[in-house]
Amino acid sequence: MYGAFPEQTPDEALEARVTVDALRESIGRHLRYSIGKDARTATVADWRLAVSRSVRDLLVDPWFRTTTRVYGRNQKRVYYLSMEFLIGRLLEDAVHNLGIDEKLRTAVESYDVDYTALLADEPDAALGNGGLGRLAACFLDSMSTVGVAAHGYGIRYAHGLFKQSFHDGWQGEEAEDWLRQSHPWEFERGEVAYPINFGGEARQTGDSAMWKAEDTIIAVAFDTPVPGWRGRWANTLRLWSAQPVFEFDLERFNHGDYLGAAAPSVLAQTISRVLYPDDTTPQGKELRLKQEYFFTAASLADILRRYLAHANDLTKLPDACAIQLNDTHPAIAGPELVRLLTDLHGMGFEDAVEVARRTLNYTNHTLLPEALERWSCELMGRALPRHMQLIERIDDLHAKRVKRTGGVKIVDHGEVRMGDLAFIMANRVNGVSALHTDLMKKTVFRELHALHPDRIVNQTNGVTPRRWMWGCNKGLRRLLNETIGEDWVTDLDKLRQLEPYADDPEFRARFASVKTENKRRLARWLLNEHGVKVDSHAMFDVQIKRIHEYKRQLMNALEAAALRNAIHRDPDARWTPRVKIFGGKAAPGYAMAKLIIKLINDIAKTINADPACKDRLTVVYPANYNVSMAEILIPATDLSEQISTAGKEASGTGNMKFAMNGALTVGTLDGANVEIREAVGPDNIFIFGHTADEVLALREAGYDPNAFIERDPRLAEVVDQIEAGAFSPGEKDRYAALVDNLRHHDWFQVAADFSGYYDIQREIDAAWREPEEWRRMAILNTARMGMFSSDRTIRGYAQDVWNVIPAF
């Protein structure tokens, strides 16, 4: 028993044993004894911290009970290694999962505290950037919901990626400060600390080696419980913080070298300060590699420690552990696990490679060659000398086993190819959509697939309906619960029961009313937070994702400029009112992406000041896109922009979230768009553009983007305007590099697909003017999205990759 809450029995529903009075008592106790405030002086942040600790208390029993069950039944564990976990705010998510929404609201409001303001006060955890990190967060939720024994492992970034702002339309970057206040969800595990070595030299003797490191830092664990639906199961997210071996050099301090005295601490903590440091410099590259090794090595040390506490035969490690590498960032796990097995535990090299390979699995998230990380052999050998030795031996062993002297190699042209290393050291390699998996076999891993034809499997991505429907779209949640019951939240296929209602005028009206209220909420937020007034009756046309050339935010912006020109030519035509909304960050070192952001903002400034566009076209780009912003934007969206170059987007998950919430999709046949089209039906999605095969054929035939520009006067006019400085008065050449790239290179074929994109947008305009049919299509999108639950994805991994059986 702890405080106000009696201990939960295994068969007792958590929400049934928690009363309003117990919650109120717990909040008051935490406010006084954990936060050190009383109700008269407490701020909103104080109340939030007290409430968060009270809710965290409720997670501890199922968390401990899960651990006891896993140990008692000797269950195989899954370890999910990811550089990112884009978990967003945790309070409301935990409250939904525990089923205590209304009781907690009543308890909080009994103190005369605004419950909505309290929830909004929580900062987003700055632990990720895009789809990779959000997918990892959805997977944690689903593993806890279906009952897979799991740990997530990552880095506890002090400052995340960055906080985005706009200065005259240019992206500005400031450090995130989410840890300025204490993070109430985590438990620091000071006793769980591992030394992580860098540099020095490694002297090999037989299959093992002695690594004499030059630098050592300490990885310290911080644990956050991750509850599943209704608290039946709770797994752990363990994040590593970098700490120095020696905190402070007192001798240097006493000699007046005050900065030097703190240098060991500053240098060590640099490892866990920032997600994806700019790697356009040698120092940035080295820091990125050290980050990846830091969290991977700490995680593997922790996994082996846990295994050896209850077993002693390391050859059976694959029977007890499945380690999933989320992209190439933790690919160093292969040689690191071999190092631990050989150098620390005396296993023979070839046996160690086999044990490691049977334990590790690798998820590929990209077909872009530049995103399949490569490190120079010089850097790898200098930062991780023992691992460079092992990588070369793994490379030689693989060549010997497949009886190939040429072809694919991990070490090639002075570089270590981390994608190939991850593949060779994996038991299973999976793509994240049917198209992506097929293209993996034909492109980036063609040779390796030929050598290992059974290794690649598909696991199409999914998203958690707990956060992305139940939590962020309360109106839709109520409508679904009243119509088909609540079971859909853990069995999303039950949404199929909505299909007959697509032809019910009364249900269509209620469905539309939910969307309208979500749009009004977004309009209020845009006005209050960003000073932009939009018409909630207009079509809300949204593209939110990290800024990259292959995602083609540029094409969207060019279409907006072309639409403005068309409005000027025929101002009396029947134009469909649109609000175009962009959101997303560009990597600090990605110059072209940052230039595209500036162009979007310049085009927006021009359109929004143009009287001809008033009540017809508005362009909005709120800064600092994150999970909490997505939770406002997605339920309010009418049209979801999924317009990447075909063959470049591995899957996408935003496309799934939008469709679940009743948005229609305009997109290419790329990533999971292909499977969404199959699920919702070709008449309920707007598809345009070249296919992946056509993109490749066009490139091989000698793609000439300027010919496509000249062929479409609408595009030619916009490109000429940009070149002439129409959107950059006083700085005619601002976009010279962008225009030159568009005319002469255009690797992602914006020019080739523009005509199809512009034309289908006008078809969408016409469809919007038939509101009953639009609503019917939107309902069918929601009804047919069952396969895109991350619960389904996790069950697929459990069966096809990890060889584990979910508890539920």
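Predicted model: local features only at pLDDT ≥ 70, side-chain atom pairs only at ≥ 80, totals over all residues.
**Entry 1**

I then followed E15 to its other pairing. E15 and E16 are joined by three bridges and run parallel. Here Gly431 has Asn458 in E16 as its bridge partner.

**Entry 1: the whole sheet**

I asked where these strands sit in the sheet order. The sheet is open, has nine strands with mixed pairing, and reads E5-E8-E9-E2-E1-E10-E11-E15-E16. I looked up the edges next. Strand E5 (187-198) and strand E16 (456-458) each have a single partner strand, so one side of each has no neighbour in the sheet. From one strand to the next, the twist averages 25°.

Arg77 is the residue opposite Cys321 in E10.

**Entry 2: helices across the sheet**

Helix H3 (residues 44-72) lies across E1, E5, strand E8 (215-227) and strand E9 (234-244). Its direction is at about 100° to E9. Helix H9 (residues 258-269) lies across E8 and E9, and runs at about 145° to E9.

**Entry 3: cavities**

How many cavities of 30 Å³ or more does the structure hold? I recorded five. The largest cavity has about 240 Å³ of space. Its lining has 19 residues, and Ile87, Leu90, Asp93, Val226 and Pro227 are the closest to its centre. I listed the elements that give two or more residues to this lining: helix H4 (91-98), helix H7 (131-146), E8 and helix H19 (465-471). By class, the lining of the largest cavity has 11 nonpolar, three polar and five charged residues.

The second largest cavity holds about 80 Å³ of space. I asked which residues line the second largest cavity. They are Arg48, Gly88, Leu90, Glu122, Pro123, Ala125, Trp178, Gln181, Ser182, His183, Pro184 and Trp185. I sorted this lining into six nonpolar, four polar and two charged residues. I noted Leu90 in both entries: Leu90 is among the residues closest to the centre of the largest cavity, and Leu90 also lines the second largest cavity.

Conventions
Residues numbered from 1 in each chain as written. Heavy atoms only, no water. Pairing = 2+ DSSP bridges. Helix = DSSP H or I, 4+ residues; strand = E, 2+ residues; numbered from the N terminus. Axes fitted to C-alpha atoms, helices over the stretch in contact; angles between N-to-C directions. Contact = heavy atoms within 4.5 Å. 1 Å grid on protein atoms, 1.4 Å probe; cavity = no way out; pocket = protein on both sides within 12 Å on 5 of 7 lines; lining within 4 Å. Points joined across faces, edges and corners; volume = space filled by probe spheres on them. Nonpolar A, V, L, I, M, F, W, Y, C, P; charged D, E, K, R; others polar.
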